Amino acid sequence: MIDLTVFAVPVFIATMIAEAAMLRQRPELKGYRRRDTRASLVMGTVNVLINLAMKGVQLAILGWFATLAPWHLDPQAWQTWAIGVVAVDFAYYWFHRSSHDVRLLWAAHVNHHSSEHYNLSTALRQSWTTPLTSLPFYWPLALIGLDPLMILTLEALNTLYQYWIHTELIDRLPVPLEAIFNTASHHRVHHGTNIEYLDRNHAGIFIVWDKLFGTFESEARPVRYGLTKNIGSFNPLVIAFHEYTAIARDLRRASSLRDALGYLFAPPGWSPDGSTLTSRQLRAAAGGRAESGSDAVGEAAPALAG
Ligand SMILES: [Zn+2]
Ligand SMILES: [Zn+2]
């Protein structure tokens, strides 16, 4: 099977070099930092290897679901590919949104948000465990008759599409494009720790899902990148597993089954005593303070939410 991501590597290298050169003329932007870029590249390389190793398992599982489909869409027809692009993007939206709403899934996805920089190398800071956590979200596509190989190919294309949007050098595009597609501007918001930007713009290719399902926010003020509580590490093992470690630590001190389930499945930042807050709680608290006249938006209590 052709692995699209591997073939894209020369494009990644050329465009990152070009972006780094251009950023040298823009000192007001953060640009590249060696340790941050190295960490992102290691994360991306291992992600590609894990995906390659898992392809057989993923195809087998999707193939089993495909046997349950009441019909099969012709994988040779362009219409099927058009349906596939939209269907895979819809599944991606819910996978990505769930990865921000359920802490156990967030533990897999958080590493993509762990850089405090925002450049093309950030796009390559891919998770080592989302190849596992994402798969159930694509099972329904096999059930509606899409070919398993087509699903995996379109999933890879969906990730590749998102490469170019990880840059501060592309400003807003013409209005019709910004209205339909996920763009650099929309995705900068997604990587923001500003309270109004938390858990917004989960789109892959089409931003319309966020607009339809109430998670859209436009880029209105400069973005602070990273996590609300940054990990301060460039060690790939820490980047990949720190949230799993944090969950295990919380589970050890859970005093009831309810607390344990909350630590696993409630949104990131949830705590039984309210000592850390979810993004929804942060937004509500900031909204309350804004209404009472204080200038607190963007500087709320530390939380685990990203
Ligand atoms: Zn995300
Ligand atoms: Zn991203």
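**Exercises on the packing around helix 7**

Helix 3 (78-101) and helix 7 (135-143) cross in a right-handed manner. A crossing is left-handed if the near helix is turned anticlockwise from the far one by less than a right angle, and right-handed if clockwise. Helices (H or I, at least four residues) are DSSP runs, numbered from the N terminus.

The model is predicted, and local features need pLDDT of at least 70, side-chain atom pairs count only at pLDDT 80 or more, and totals for chains, interfaces and linings use all residues. Residues are numbered from 1 along each chain as its sequence is written, while chains are lettered from A and ligands numbered from 1 in the order in which they are written.

**Exercise 1. Helix 3 against helix 7**

Task: Determine how helix 3 and helix 7 are oriented to each other, and which residues meet.

Solution. 
- Step 1: The two axes are 9 Å apart and the packing angle is about 150 degrees. Axes are lines fitted to C-alpha atoms, for helices over the stretch in contact, and angles run from 0 to 180 degrees between N-to-C directions.
- Step 2: Helix 3 and helix 7 are therefore roughly antiparallel. Angles under 35 degrees count as roughly parallel, over 145 as roughly antiparallel, 65 to 115 as roughly perpendicular and the rest as oblique.
- Step 3: Ala87, Val88, Ala91, Trp94 and Phe95 of helix 3 meet Phe137, Tyr138, Pro140 and Leu141 of helix 7. Two residues are in contact if their C-beta atoms, placed from the backbone, lie within 7 Å.
- Step 4: Sorted by class, this contact of helix 3 with helix 7 has nine nonpolar, no polar and no charged residues. Ala, Val, Leu, Ile, Met, Phe, Trp, Tyr, Cys and Pro count as nonpolar, Asp, Glu, Lys and Arg as charged, and the others, Gly among them, as polar.

**Exercise 2. Helix 2 against helix 7**

Task: Describe the geometry and the residue classes of the contact of helix 2 with helix 7.

Solution. 
- Step 1: The axes of helix 2 (residues 34-67) and helix 7 come within 8 Å, crossing at roughly 40 degrees.
- Step 2: Helix 2 is therefore oblique to helix 7.
- Step 3: The crossing of helix 2 with helix 7 is right-handed.
- Step 4: Helix 2 contributes Gln58, Ile61, Leu62, Phe65 and Ala66, and helix 7 contributes Leu135, Tyr138, Trp139, Ala142 and Leu143.
- Step 5: This contact of helix 2 with helix 7 comprises nine nonpolar residues, one polar residue and no charged residues.

**Exercise 3. Helix 7 against helix 8**

Solution. 
- Step 1: The axes of helix 7 and helix 8 come within 10 Å and cross at roughly 135 degrees.
- Step 2: Helix 7 passes helix 8 in a right-handed crossing.
- Step 3: From helix 7, Tyr138, Leu141 and Ala142 meet Pro148, Ile151 and Glu155 of helix 8.

**Exercise 4. The largest nonpolar core**

Task: Identify the residues of the largest nonpolar core that touch the most other members, and the helix that gives the most to this core.

Solution. 
- Step 1: A nonpolar core is a set of buried Ala, Val, Leu, Ile, Met, Phe, Trp, Tyr and Cys residues joined through C-beta atoms within 7 Å. A residue is buried if 20 or more other C-beta atoms lie within 10 Å of its own, exposed if 12 or fewer, and partly exposed in between; C-beta atoms are placed from the backbone.
- Step 2: The largest core has 22 residues, of which Val88, Ala91, Tyr138, Leu141, Ala142, Leu146 and Ile151 touch the most other members.
- Step 3: At least two residues of this core come from each of helix 2, helix 3, helix 7 and helix 8 (148-161).
- Step 4: With six residues, helix 3 gives the most to this core.
- Step 5: A second, separate core has eight residues, among them Met16, Ala39, Leu124 and Ile239.

**Exercise 5. Two loop residues**

Task: Decide whether proline 267 is buried or exposed, and locate asparagine 201.

Solution. 
- Step 1: Proline 267 lies in the loop between helix 13 (257-265) and helix 14 (279-291).
- Step 2: Proline 267 counts as buried because it has 20 C-beta neighbours inside 10 Å.
- Step 3: Asparagine 201 is in the loop between helix 10 and helix 11, and its phi is near 55 degrees, a positive value in a residue other than glycine.
- Step 4: Asparagine 201 is buried, with 25 other C-beta atoms within 10 Å.
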